[in-house]
Amino acid sequence: MKPLREIRSRTVVLPAENVDTDQIIPARFLITTSREGLGEGLFADWRYDAQGRPRPDFALNRDGASGAQVLVAGRNFGCGSSREHAVWALQEGGFLAVVSTDFADIFRGNALKNGLVPVVVDEATHARLVESPGTEVVIDIDASTIAFGSRRSSFPLEPFARYCMLNGLDDLGFLLQRAKEIAIFEEGAGPVPWKV
Amino acid sequence: MGERPRTLLDKVWDAHLVSAETEETPGVLYIDLHLIHEVTSPQAFAELRRRGLPVRRPERTVATMDHAIPTRSGPSGRRVPPTGPAAEQVGALERNCADFGIPLFATGDARQGIVHVIGPELGLSRPGLTVVCGDSHTSTHGALGALAFGIGTSEVGHVLATQCLLQRKPKSFAVEFEGTPPAGVTAKDLILALIARIGTGGATGHALEYRGPAIRALSMEGRMTVCNMSIEAGARAGLVGPDDTTYNYLAGRELSPEGEAWDRAVERWQALPSEDGAFFDRVERIDTTTLEPMITWGTSPGMGMPIRGAVPEPDGDASHEKALAYMGLTPGKPLLGQKIDVVFIGSCTNSRMSDLRDAARVLQGRKVADGILALVVPGSEKVKKEAEAEGLDRVFREAGAEWREPGCSMCLAMNDDRLQPGQYAVSTSNRNFEGRQGQGGRTFLASPFTAAASAVKGAVADARELLS
Ligand code: SF4
């Protein structure tokens, strides 16, 4: 994971609510053993028609969308399956942050673990961003703020997740350091209660 | 200090904390049972290899194949092998399990099946355990009184390497299912009714605990159906306090404790249920006496309605309009009688014996309507064997349905079981998202009763007309 301090980018707006991970990346793209190449499947069924031609009216296909690193999406973004492929696909599609009024739990956790910033904003801020696709925003990880125009609002980011993001660290390192405590816990818990 | 009454969640949580959460850091939660499958594990093993790490507790890890494998059998009567990328994925799982010493129930093994079907049926998922899997329907195992939740692939790696996860405790959410539901209203209808009520994000950040007489009266399998769809309400976990139904279900399972160990286990389990007066962050009450069989009309599991209802008006709601357009439905009209193309009976929601018995009860002596493809996919090899011993496979075949090999199948269209663009299906699975069952496919979620009745009519049907 690369350290991330600040994102400066225009937005792409996908106002649909309850965007589930099957839309972010349909299951047929999950038949892979790698985390690379998933960008191809990003929003595949919305981006392309049955013949594989880009749908011109889809947000990501519009002029000005290419190169945008911030996706503004509707409520309950990332609901459905636990596939981390959804996060990997968004990242491969160039996104560093997703802005919504709320996120599904597993998606949010997966995003944080990969350095994709889930930015939760209030309804009013969200409405302003949805109204004007292509808005230039600045997301400051350390301060946990998103700013555009004269507006600036803070978003919740756990101290631990923030620390990991700023320093490009992941949870595994932290857990591995706890090996001794884990071993003590295991001793107290006794043997595995089954034999497969 | 006076003892504060605790919930089941409190008890399981506290018993698994290696270190408690603080404001700065999440807690370290010990995981008793880690289930893995071919789709969400390869990248986690790759990470382990990259870092030169072993699997900390291979004996606490159990692998199976379910998502990408074909469910067709060839002329020999055996399952056709996967090809192309699916074969690669399955091969990677075999290699990873062999290299890291993890038990694998591969296709052909008598214990293979959908990961959430085999955990309980083998006696692995038990009250009071923490259970995780790289799959959001891990909540299913909560039916046994376990804290069970889905995780992403990075977390699969964390559990493989450390048997632990960094977690913050979810809030608690009690759902009281009151009264006795009318005949023909099943576990699937209870959970669809709840999701329709609270919405797909309604329980985000919470663990649901299902309570009340209607839950007590359910079989273990029915409780699994309810817990299975917790994630569809936004909750990562769904739990039911263990009781005699739980112990009777677990007694004598292949890997269940025996003899003295069993007695000690039951004693421990009996201390688990939420105590009277325990605090829940939220409570919702559902009167089950007035419920009807439920069906979804839209593209999110929260878009549900009673089977005899009318497709609701959008009233300017953009998601609602989008769903109607995708589904090709007119608001204000009933779904009953809506022509369909496919019926899918299966998935970790409804592919157990009781589900197949429900479907067979409707299909017995009847025929699947002309032009309808009806797939019946048992959840595991054990279910398949038991169903065949009972003659259910014959009921299905004679009715004109296809009897398949166990797997996820048309629940997520990763193999070649999928809807064609524009096709309508009544499905006993858990997700009606756009394209979930195949690109352009349109899904009505319902119970095995409703699915079987719809297969007979060739259109969305109310099974109660056929059951009486
Ligand atoms: S049956 Fe469907 S929901 Fe269940 S594990 Fe398989 S793909 Fe997931």
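## Interface between chains A and B

The contact (heavy atoms within 4.5 Å) takes 53 residues from chain A and 70 residues from chain B. This is a predicted model, in which local features need pLDDT of at least 70 and side-chain atom pairs count only at pLDDT 80 or more, while totals for chains, interfaces and linings use all residues. Residues are numbered from 1 along each chain as its sequence is written, chains are lettered from A and ligands numbered from 1 in the order in which they are written, and side-chain values use heavy atoms, with hydrogens and water left out.

The size of an interface is often given as the accessible area lost when the parts come together. Between chain A and chain B about 5200 Å² is buried (accessible area lost, 1.4 Å probe, summed over both parts), with 61% of it on carbon and sulfur atoms. The rule finds 6 salt bridges across this interface, a salt bridge being a side-chain nitrogen of Lys or Arg within 4 Å of a carboxyl oxygen of Asp or Glu. Glu186(A) and Arg57(B) form a salt bridge through their side chains, at 2.9 Å from N to O.

## Ligand surroundings

The residues around the ligand (a heavy atom within 4 Å) include His67(B), Asp135(B), Cys348(B), Asn430(B) and Arg436(B). Domain 1 (8-167) and domain 3 (294-467) of chain B both contribute to this shell, so the ligand lies between them.

## Ser144(A)

Ser144(A) belongs to the loop between strand 5 (136-140) and strand 6 (145-148) of chain A; strands are DSSP runs (E, at least two residues) numbered from the N terminus.

Definitions and conventions. Helices (H or I, at least four residues) and strands (E, at least two) are DSSP runs, numbered from the N terminus. Domain bounds come from an automatic or database domain assignment. Buried area is the accessible area (1.4 Å probe) that two parts lose on being put together, summed over both.
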